[in-house]
Amino acid sequence: MNKQILILMTTFSVLSAQAQIKYPQTPRDNTVDEYFGVKVADPYRWLENDTSAATAQWVEAENEVTNAYLARIPFRGKLLKRLKEVANYEKVGTPFKKHGRWYLYKNNGLQNQSVLYTMDRLDGEQRVFLDPNTLSTDGTVALKGCYFSHDGKYMAYAISRSGSDWQEFYVMDVKTGQLLSDHIEWAKFSGAAWQGDGFYYSSYDAPAAGKEFSNVNEVQKIYYHKMGTPQREDVLFYQNPAYPKRFYSVSVNKEETVMFLFESGERQGNHLYVRDLRQPDSQFIQMTSSMDYEYSPVEVMGDKILIMTNEGAPKNRLMVANLKKPGIRDWEELVGEEQDVLTDVTVIADKMVLTYSKDASDHPFVYSIDGKRIREVKLPSVGSVGFSGERGEPECFYAFTSFTVPGTIYQYDLQQDKSTLFAAPKVNFNLNGYTTEQVFYPSKDGTRIPMFLTYKKGLKRNGKNPVYLYGYGGFNISLPPGFSSSRIPFLEAGGIYAQANLRGGSEYGEAWHLAGTKMQKQHVFDDFIAAAEWLISEQYSSKEKMAIVGGSNGGLLVGACMTQRPDLFRVCVPEVGVMDMLRYHKFTIGWNWAPDYGTSEDSREMFEYLRGYSPLHNLREGVSYPATLVTTADHDDRVVPAHSFKFAATLQACQAGSEPVLIRIDSKAGHGGGKPLSKQLEEQADIYGFIMYHTGMKYKK
């Protein structure tokens, strides 16, 4: 009997706390892989074919079960209504200036995508410049980036469709707003670097039909597109087939005197090359000698190049290179490594703003251009900040946010040290009733881990409060304070939002990152498990009220923790997670994660370590697992949905307890970036509804 018929006709039943769920019985095959003499079964390998009819039937059957279950949550409708209410406020981005005109992004409340506006002056009339909502009927076309030509005539913009990482470029005439004939396809992880009457972009060869969202992406190429010509005439500028699994891109400074070439993807950092465009027929000169470190050009000032790097400084420092002698041996230190982590450098007017992270929250300082600290910029409270401005232009802005402060824009006077409110959201809910505290707890090995807790004022530590515990722990990515309106209904109902700053991130520099990579990855899971145990021991919550959530690498985190400690959690939500640690590198750009994870092909030791925590390979029959809602999407070409498909199918087969195991598979959506607001709200209603229902919460708003 074929797989489609089996999926539709054969079911097995599991008694849940709410109703008897009939899951689709997922057919198994005899696929077996061998790693260093060890045979590993992969019976659901056929689900990796995301475009097959059998997989489509399985997706439809699973979604039918999931949607029916979620629809029966008594307050799901009220929750969605409230999520729409709290999301319905104007959101304004930081203004930026291009060739005498001002621009900013704004969302009037419930628009699927934010709109780019332009103004002749800061206090002038805001006119629509580019509205992504007009590019599709359902909001699934997202704006990924805007790139103005250095003469101010054109703007290239990149879009993605249905959440895919694939990008298309279009070009507008800035003066008239007219869309020109230029159109680029199959770009990926690319900006538009303007030079002369065209721009450079990075792309891959067009994928085979039906494999657009799963096949490995190899040999990224840089092309030059001349305005007014078709893509087939674009000139191949750079490629390196000797290293097919590396990323390549270029940037050009606004004076068009310097071009940088970036090479990354193999180790923790990148190589940096430079080319002096003032010299005819100049060639790239390699500036760096190791891909173990990160090198980020900040600004070009004549022959001087400011570069932020973690080479010789795990918490980062600011260096100066000279275009005439650009090799790293000739770099000079401008601002040395500090106790806190340097996260950003922005040159504005004749000053620099350096932002440092201290215990995962931001602290910005004004520096002179010669590296002398002048003052700290006082922020409204503990939170996150992003500065905007340009060298030679006096205007300076910053965006501030925290767990209880939605994105707020300030104009900052660099000379007078004065912040003036530029745009504050007018929300329709009371944030004064909530508070955030930062706590520190010991992990399994005694390492001190920070965690933010946000909850309603007056909360009692009686062990009865539901917790939404979120983490990531990887790829040198920090989890600073930030606002999300989706948390409001959960907080209103008495929940605690907990955000743990695990090893693997960048909270304390490169050493903190490396402590959560490869053969140290278990530290990340230990940190997260310890967070839950601490919240329970300190009487914030209990096992029966504990929900864990994470996306992408955080989905791996949730998957690993729920297989290692199924007794500790009431609800688990792995979102778009990396669940098959033995095969992750065989899809799209999964190979790029090897510096953090290692691969099953590296060595017997690495294979055994990965298999030891891989969520897919550590599910066991006869175990009672927590209530689980796996989420993924059909256009996710970052972490392909096969990870979630195989994990959910295996978990449904293994579940010995009464808790539901569901998978929510979104359509016309990807890894999360650019997802229309309407889809975001539907998804959050399902996730929070599932969590709140299974932790015994009631929602009466």
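The model is predicted: local features need pLDDT of at least 70, side-chain atom pairs count only at pLDDT 80 or more, and totals for chains, interfaces and linings use all residues. Residues are numbered from 1 along each chain as its sequence is written, and side-chain values use heavy atoms, with hydrogens and water left out. Helices (H or I, at least four residues) and strands (E, at least two) are DSSP runs, numbered from the N terminus.

- Eight strands make an open sheet with mixed pairing, in the order S34-S35-S37-S36-S38-S39-S40-S41. Two strands pair if DSSP finds at least two bridges between them.
- Strand S34 (434-442) and strand S41 (661-666) are the edges; each pairs on one side only.
- Neighbouring strands in this sheet are turned by 20° against each other on average, direction ignored. Axes are lines fitted to C-alpha atoms, for helices over the stretch in contact, and angles run from 0 to 180 degrees between N-to-C directions.
- S39 (residues 571-575) and S40 (residues 627-633) pair in the parallel sense over three bridges. Val 571 stands opposite Ala 627 in S40.
- Helix H11 (residues 677-694) lies across S36, S38, S39, S40 and S41. H11 runs at about 170° to S40.

**Val 320**

- Val 320 sits in strand S24 (residues 317-322).
- Val 320 counts as buried, at 16% relative accessibility. Buried means under 20% relative accessible area, exposed over 50%, partly exposed in between (1.4 Å probe, protein chains only).
- Beyond neighbours within four places in sequence, Val 320 has contacts that include Lys 304, Ile 305, Trp 331 and Leu 334. Contact means heavy atoms within 4.5 Å.
- Leu 334 is 14 residues from Val 320 in sequence and 6.3 Å away in space, C-alpha to C-alpha.

**Aromatic pairs**

- The structure holds 49 aromatic pairs. Rings of Phe, Tyr and Trp (its six-membered ring) pair if their centres lie within 6.5 Å; planes under 30 degrees apart count as stacked, over 60 as edge-to-face and the rest as tilted.
- Tyr 103 and Phe 148 have ring centres 4.8 Å apart and planes at 50°, so this pair is tilted.
- Tyr 103 lies in S7 and Phe 148 in S10, so the pair ties together parts 45 residues apart in sequence.
- Tyr 103 is buried at 1%, and Phe 148 is buried at 10%.

**Charges over rings**

- Lys 106 lies over the face of Tyr 117, 4.6 Å from the ring centre. The criterion is NZ of Lys or CZ of Arg within 6 Å of the ring centre and within 35 degrees of the ring normal.
- The charged end of Arg 487 sits over the ring of Tyr 497, 4.0 Å from its centre.
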